[in-house]
Amino acid sequence: MNRKTAETNALLALVMAVVLSALWPARAQDRKTSYPNMAPVDQYLMADRNAEIAMARSAAPEAISRDAKVLVLGRHGYETAVEGKNGFVCAVERSWMSPYASSQFWNPKIRGPICFNPAAARSVLPITYKRTELVLAGRSKAQMIAGVKDAIDKKEVPPLEPGAMTYMMSCESSIGNPLGHWVPHLMFYVPRTDGAAWGADLRDSPVLLSRQFDGGPEAVTVFMIPVLNWSDGTPAASGCGSGNQKHGTT
């Protein structure tokens, strides 16, 4: 067995352990809700702006994130902290980008570094903007669903563009997983479709079906593909916490 095969097998074993533990973004929605209501807004914000910039950039390899636009979350929504040059946009998503039925939907501890490619920045990121706007306006989940649907109907949220994808390769992510960090992965966005079209969740398939937009008006299906390394090049199979993230803070 060569080194690459061994690393791949180790990563797949890690993926299965996490998936079977029924954690977000996996499927189990029948656990007792841990966060039934929204916490005070301050708990969702990061006091250190530079730390949030660095965390956002950690979602993708430095060759991508160093020239990306970077957003930070403020009291009135996401704000541009760093202007970009390559069309990518990096941010740190909060819990309300989970499925509406998720027990983690209001978890103020969740931090999901993500980098949108240009197509996703134009057509998927507006969903994040809209959900965030509604949350910060104090809307309930039902009101959020209605508000997003209304925005889609009015074309305030544009149609999904072909080729939309994101990087979620940060070792700094925290998505409500009691086992620690999830695995580094890429996410691909397509018009709502059955997971079988991609062979998702089948035996030995590297493709996983995300339930992110289940129960919502967003007609989007998300597929996830785990990758071997964190964004800084550290092997995922060796675990997280090397402290080798190389992303800048300005």
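I looked up W106 and noted that this residue is buried, with a relative accessible area of 6%, where buried means under 20% relative accessible area with a 1.4 Å probe and protein chains only. F105 also counts as buried, at 0% relative accessibility.

I noted that the model is predicted, that local features need pLDDT of at least 70 and side-chain atom pairs pLDDT 80 or more, while totals for chains, interfaces and linings use all residues. Residues are numbered from 1 along each chain as its sequence is written, and side-chain values use heavy atoms, leaving out hydrogens and water.

Next I searched the whole structure for aromatic pairs and found 6, a pair being rings of Phe, Tyr or Trp (its six-membered ring) with centres within 6.5 Å, stacked if the planes are under 30 degrees apart, edge-to-face if over 60 and tilted otherwise. One of them joins F88 and Y167, which are tilted at 55 degrees with centres 6.4 Å apart. This pair links distant parts of the chain, since F88 lies in the loop between β2 (77-82) and β3 (89-93) and Y167 in strand β5 (residues 165-168), 79 residues apart; strands are DSSP runs (E, at least two residues), numbered from the N terminus. Both F88 and Y167 are buried.

I then went back to F105 and W106, whose ring centres are 4.9 Å apart with planes at 85 degrees, so the pair is edge-to-face. Ring pairs link these two residues and Y100 into a cluster.

How values were computed:
Helices (H or I, at least four residues) and strands (E, at least two) are DSSP runs, numbered from the N terminus. Buried means under 20% relative accessible area, exposed over 50%, partly exposed in between (1.4 Å probe, protein chains only).
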